[in-house]
Every structure is written in C-alpha cells, then in structure tokens.
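This briefing presents one protein chain to a reader who is new to structural description. Please look over the sequence and the model before turning to the points below.

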Amino acid sequence: MGQAWANGTGLDGISWSVWTNWAQGPVSVLYDSNLLHMFLRILLPLQEFHVKLRVLKQRKEDLLEKEEELKLSILKFDKFLKENDAKRLRAKSKQMSENDLQKQKVKEIIKLEEELGSLVTQRGKLKKKAETHAVYPSFLENVIKMGDEVTTALHLYE
C-alpha cells in the first residue's frame, strides 16, 4: 500500500528507477549513470518541501491554538461587558430610586413647612385671643371680690 516502482527519464536522457514508499519517501534507488546526481536533485527539493510542510503544519497548529486563546479572551471580555452593563443598570435604577425618594422628601418638607406656617399663624391668633381674654380672669376675680363684699354687706345689713 503506497509502494511502487517509479521509472522515468530525466531531462538529460538518463533513465532511473526508484522504489518508493509514499508514506516514508524514497527508500532505495537502482543506479544508472549519474543517477545519484539526478536523484539528489529530486530528493533535496522534496526534503525541503517536507520541511516546509512540517513548518506550515506547526504554524497552523500555533495559529489554531492562538485562535482558541482569542476565542476564550473574547468570551471573557463579553462576560465582563455583560457584568458591567448589569452593574450600570443596577446603579441607574438605584439612582432613579434615590432621586424619587429625594423628590418625595422635598415634597414632604414643603408640606410640613406650609403646615408649620399655618400653625404659627394659628398660634399668633390664639396668643392675641389669650391676650384679649386675659382681662377676664382679673375682671372675674374683681367681681368675686365685689360679690363677697356685697354678700358680707348684705349679711351685715340683715
């Protein structure tokens, strides 16, 4: 399998025969005149080809390995971006909640300030009323004293 005799005539008219095993390259050569020279002219480029082929295969393997590394790197970066977006959305949501809470507190402060204003006004009115009515306790005390005097006078008169 993969083995055969290869026969031919070179450009210089020299005939040659080679027993080949295609999996391993040429194995033995039957000599004609200058056949060794011609065989080397064929074998050296073939060996160079095999060396280049090995180098290219190695480069291909290296590139495939780099490609896998890049794919992993891309996946990690994509995960990082998704996590970053999730953090940004959470922060935005938290900021919106804090803004809403702050607006609610400002409204409550305004409401309490208005309520405080009306209570201060009501206190002022009640204070004036209390000052106005402050005369009545002393008046009533005078009336009671006079009533006591009248009662005493009536008792004396009787």
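**Overview of the chain**

The chain has an accessible surface of about 14500 Å², and 62% of this surface belongs to carbon and sulfur atoms. The model is a predicted one.

**Architecture and burial**

- Two helices and three strands make up the elements of the chain.
- Read from the N terminus, these elements follow the order β-β-β-α-α.
- Helix 1 covers residues 35-133, and helix 2 covers residues 135-157.
- The chain has 158 residues, of which 9% count as buried.

**Salt bridges**

- How many salt bridges does a search of the whole structure find? The search finds three.
- Glu-68 and Lys-71 form a salt bridge in which the closest N and O atoms lie 3.9 Å apart. These two residues are three residues apart in helix 1, so about one helical turn separates them.
- Glu-68 is partly exposed, because its relative accessibility is 45%. Lys-71 is also partly exposed, with a relative accessible area of 42%.
- Asp-78 and Lys-82 are joined through their side chains by a salt bridge, with an N to O distance of 3.5 Å. Since they are four residues apart in helix 1, Lys-82 and Asp-78 are separated by about one helical turn.
- Is Lys-82 buried or exposed? Lys-82 is exposed, as its relative accessible area is 55% and the cut-off for this class is over 50%.
- Asp-78, by contrast, counts as partly exposed, with a relative accessibility of 34%.
- Asp-85 and Arg-88 provide a further salt bridge between side chains, at 4.0 Å from N to O. Arg-88 and Asp-85 stand three residues apart in helix 1, and therefore about one helical turn lies between them.
- Arg-88 has a relative accessibility of 48% and counts as partly exposed. Asp-85 belongs to the partly exposed class as well, at 40% relative accessibility.

**A patch of negative charge**

- Which residues gather in a patch of negative charge on the surface? They are Glu-61, Asp-62, Glu-65 and Glu-69.
- One of these residues, Glu-61, is located in helix 1.
- Glu-61 counts as partly exposed, because its relative accessibility is 48%.

**A nonpolar patch**

- A nonpolar patch on the surface is formed by Tyr-136, Phe-139, Leu-140 and Val-143. Together, these four side-chain bearing residues have about 410 Å² of accessible area.
- Where is the place of Phe-139? Phe-139 lies in helix 2.
- Phe-139 has a relative accessibility of 49%, which means that it counts as partly exposed.

Methods: Residues are numbered from 1 along each chain as its sequence is written. This is a predicted model: local features need pLDDT of at least 70, side-chain atom pairs count only at pLDDT 80 or more; totals for chains, interfaces and linings use all residues. Side-chain values use heavy atoms; hydrogens and water are left out. Buried means under 20% relative accessible area, exposed over 50%, partly exposed in between (1.4 Å probe, protein chains only). Patches are made of residues with over 30% relative accessible area and no salt bridge: like charges are joined within 9 Å, nonpolar side chains (Val, Leu, Ile, Met, Phe, Trp, Tyr) within 5 Å. Accessible areas come from the Shrake-Rupley method with a 1.4 Å probe; for residues, only the protein chains shown count as cover. Lys and Arg count as positive and Asp and Glu as negative; His and the chain ends are not counted. The place of a charge is taken as NZ of Lys, CZ of Arg, CG of Asp or CD of Glu.
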